[in-house]
Amino acid sequence: MESIKGIGFLTAVNLFLFFEKKQVKNRREATALIGLDPIVYESGKKKTNKRISKQGDGYIRNLIYMAGMCAIRTNDKIKEFFERLVSNGKKKKVALVACMRKLLIMALAQYKNAYLEKTH
């Protein structure tokens, strides 16, 4: 996971342990377990804006936040993705959360590739 620009040693180790402990199966589950999944508050006919649920592991979410901040500066793919979202009218915080989710999914893919190679 350290091969992904923006993810350092501490974040990689904690993500690996998190994926091992929770036995994360797919990206949707990983996003929900960390609290980056969107929720909509509804009451009758009133619907408020979507927000992230923040119901997952706050420590891992903070690590991914800092990794996202670093990746916007160092990782070309994430930087292009962030700039494209901002130029399309998204707020910078919303674009940052999207980058955090993308980093999480990239880390999960790295974990799964390493895990599958180890077991087979």
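Biologist: At what angle do helix H3 and helix H4 pack, and how far apart are their axes?

Modeller: This is a predicted model, where local features need pLDDT of at least 70, side-chain atom pairs count only at pLDDT 80 or more, and totals for chains, interfaces and linings use all residues. Residues are numbered from 1 along each chain as its sequence is written, and side-chain values use heavy atoms, without hydrogens and water. Now the helices: H3 (residues 58–74) and H4 (residues 76–87) pack at about 95°, with axes 6 Å apart.

Biologist: Why are H3 and H4 called roughly perpendicular?

Modeller: Angles of 65 to 115 degrees count as roughly perpendicular. The angle here is about 95°, so H3 and H4 are roughly perpendicular to each other.

Biologist: Which residues of H3 and H4 meet?

Modeller: Contact means heavy atoms within 4.5 Å. Ala-71, Ile-72 and Thr-74 in H3 meet Asp-76, Ile-78, Lys-79 and Phe-82 in H4. These divide into 4 nonpolar, 1 polar and 2 charged.

Biologist: What makes strand E1 lie largely in the open?

Modeller: Buried means under 20% relative accessible area (1.4 Å probe, protein chains only). Of the 6 residues of E1 (residues 38–43), the number buried is 0, so E1 lies largely in the open.

Biologist: How do you know that E1 and strand E2 pair?

Modeller: Two strands pair if DSSP finds at least two bridges between them. E1 and E2 (residues 46–52) are joined by 5 bridges and run antiparallel. One of the bridges links Glu-42 with Lys-47 in E2.

Technical notes:
Axes fitted to C-alpha atoms, helices over the stretch in contact; angles between N-to-C directions. Helix = DSSP H or I, 4+ residues; strand = E, 2+ residues; numbered from the N terminus. Parallel < 35°, antiparallel > 145°, perpendicular 65-115°, else oblique. Nonpolar A, V, L, I, M, F, W, Y, C, P; charged D, E, K, R; others polar. Buried < 20%, exposed > 50% of the residue type's maximum accessible area, 1.4 Å probe, protein only.
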